[in-house]
Amino acid sequence: MDDWSEISPLHFPKSEAISVFVDDVGTLWLGDQLRLFRYAARAGADVPDPAPPGFAPLIRRLIAPKDNRLLYGGTPHREDPGSPLPVRYGEDLRVRVASPQYGTTTPPEYRYRLLGRDDEWSDWSSAPTRRFNDFWEGTYRLQVQARNERGQLSRITSFPLEIIPPWYRSIWAYLVYGLGFLGLAYGARRFYIVKEEKRQARRRVQKLERERVVAERLKKANDRLREANRLKEDFLATTSHELRTPLTNILGSLEVLRGMMEGEETEFLDMIEENGKRLKRTLNALLDLSMLRSGEEDVELTPTSLDECVERVASDLRADAEEKGLSFRVDLSGAPMWADLDEQYLEQILRNLIENAIKYTDEGVVAVSTGTAEGRVYAEVEDTGIGIDEAFLPDLFEEFKQESRGRSRTYEGNGLGLAISARLADQMDGAIRVETEKHKGSRFRVEFPRSSEPAEAGAEG
């Protein structure tokens with residue numbers, strides 16, 4: 001059943017024409033110059049009061065108030081213009097809207113909201129302008145809605161905005177900041193490195209200067225020591241020569257006196273001769289040491305039979321061992337053992353080792369032997385004497401060093417025999433090794449690189 005109702009009082013300009021309009025929900029509107037009729041499709045239906053067709057606010061202009069610059073305006077209205085309108089950071093916005101409609105006598109009201117900053121609608125106002133400020137960079141959506149005098153709400157008009165960040169907060173600016181920071185960091189590091197290098201250079205210069213001063217002082221001290229050592233060696237050699245000449249005459253005169261004296265008086269001659277020979281050995285050792293230190297000792301290396309040299313020296317010293325009541329053994333390898341040696345110096349080394357073994361052995365055995373090991377030939381002297389304290393071994397081949405010192409020492413000696421022997425062995429590419437135990441004895445081994453047997457010696461064999 002249809003429902004007709006009359007709406008009054010409405011006044012329209014007088015016209016002979018009758019207006020007809022059907023809205024979106026099927027309501028028929030009829031009007032003349034006196035009345036307006038509404039026809040609903042169903043009786044009792046709750047029919048809203050619709051807005052007139054095309055009732056929507058238009059965003060006419062967007063203006064930057066500071067310089068009254070037009071940002072947007074003059075284009076046909078669209079509900080959504082598409083891409084956001086770029087707005088500079090820091091600018092305020094004044095929006096001007098309009099809602100053209102006909103058949104009303106009072107202006108419409110508007111409300112606004114800015115999505116992205118505030119989702120709440122503003123209060124209704126009849127002012128068609130609105131000012132927005134305090135924007136931060138980002139994307140916003142300006143929305144406007146109108147209401148006419150009959151309370152009808154329009155469609156919502158949206159307008160996207162993009163607040164462009166200032167140049168100092170743009171991507172390029174941050175890139176520049178990053179590059180600048182990297183540059184500053186690199187520059188700071190380079191500055192630190194250069195500063196550290198300069199500091200290190202100054203330290204090196206100071207160190208080199210100190211080292212130069214120390215080197216000069218050491219050179220002067222070394223020159224003084226070298227000069228003092230040279231003077232000492234010259235004095236030692238000169239004194240030894242000066243002492244050895246009269247000592248030789250004294251020993252020669254003893255032989256003459258021995259033929260002229262008889263009986264107990266010869267005992268004094270024996271004592272003088274024994275001490276004279278001892279003094280002569282000391283002088284010879286000092287001369288040898290002086291020549292070794294100065295490098296004036298000439299070493300002539302020739303193929304030498306180690307067994308023959310050992311047998312010859314052992315035969316000369318056998319009587320000394322037997323005189324002390326010692327058992328003296330010589331054990332030769334039997335096989336030919338040759339080495340490039342200076343025979344005179346080899347005999348001196350063997351003599352020193354065997355004499356020491358006899359001197360420091362009060363009872364027991366002194367054994368001399370030869371052999372080969374790992375391509376080297378060696379002569380070994382072993383005794384059952386007093387041995388050597390382990391703490392003294394580092395100083396064993398030092399000059400003028402003896403384990404027993406001072407007036408309380410039991411055995412006489414100048415401490416040069418082993419030092420000279422070690423130097424001579426070293427000059428012939430040899431070495432002296434020692435194994436010892438206190439109060440049980442010692443074993444000294446002198447070894448040299450083995451050489452081939454000379455051709456003439458092989459032919460004789």
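**Notebook: strands, helices and a surface patch**

I looked up Leu114 and found that Leu142 in β11 stands opposite Leu114. I am working with a predicted model, in which local features need pLDDT of at least 70, side-chain atom pairs count only at pLDDT 80 or more, and totals for chains, interfaces and linings use all residues. Residues are numbered from 1 along each chain as its sequence is written, and side-chain values use heavy atoms, with hydrogens and water left out.

Entry: I noted the terms before going on. Strands (E, at least two residues) and helices (H or I, at least four residues) are DSSP runs numbered from the N terminus. Two strands count as paired if DSSP finds at least two bridges between them. I found that β9 (residues 109-115) and β11 (residues 138-147) run antiparallel and are joined by 7 bridges. β11 is also joined by 7 bridges to β12 (residues 157-164), again antiparallel. In that pairing I located Gly138, whose bridge partner in β12 is Ile163.

**Entry: the open sheet.** I traced 4 strands that form an open sheet with antiparallel pairing, in the order β6-β5-β8-β10. β6 (69-73) and β10 (129-132) are at the edges with a single partner strand each, so one side of each has no neighbour in the sheet. Leu93 stands opposite Phe132 in β10.

**Entry: a nonpolar patch.** I listed Trp167, Tyr168, Tyr174, Val176 and Tyr177, which make a nonpolar surface patch of about 600 Å². Tyr177 lies in helix α1 (residues 171-260). For a patch, residues need over 30% relative accessible area and no salt bridge; like charges are joined within 9 Å, and nonpolar side chains (Val, Leu, Ile, Met, Phe, Trp, Tyr) within 5 Å. A salt bridge is a side-chain nitrogen of Lys or Arg within 4 Å of a carboxyl oxygen of Asp or Glu.

**Entry: α4 and α5.** I found Asn352 in helix α4 (residues 343-359). Asn352 is buried, with a relative accessible area of 16%. I then checked helix α5 (residues 417-427), whose buried residues are Leu418, Ala419, Ile420, Ser421, Leu424 and Ala425. After α5 comes Asp429, with a positive phi near 60°.

Conventions: Areas by Shrake-Rupley, 256 points an atom, 1.4 Å probe, with all protein chains shown as cover. Buried < 20%, exposed > 50% of the residue type's maximum accessible area, 1.4 Å probe, protein only.
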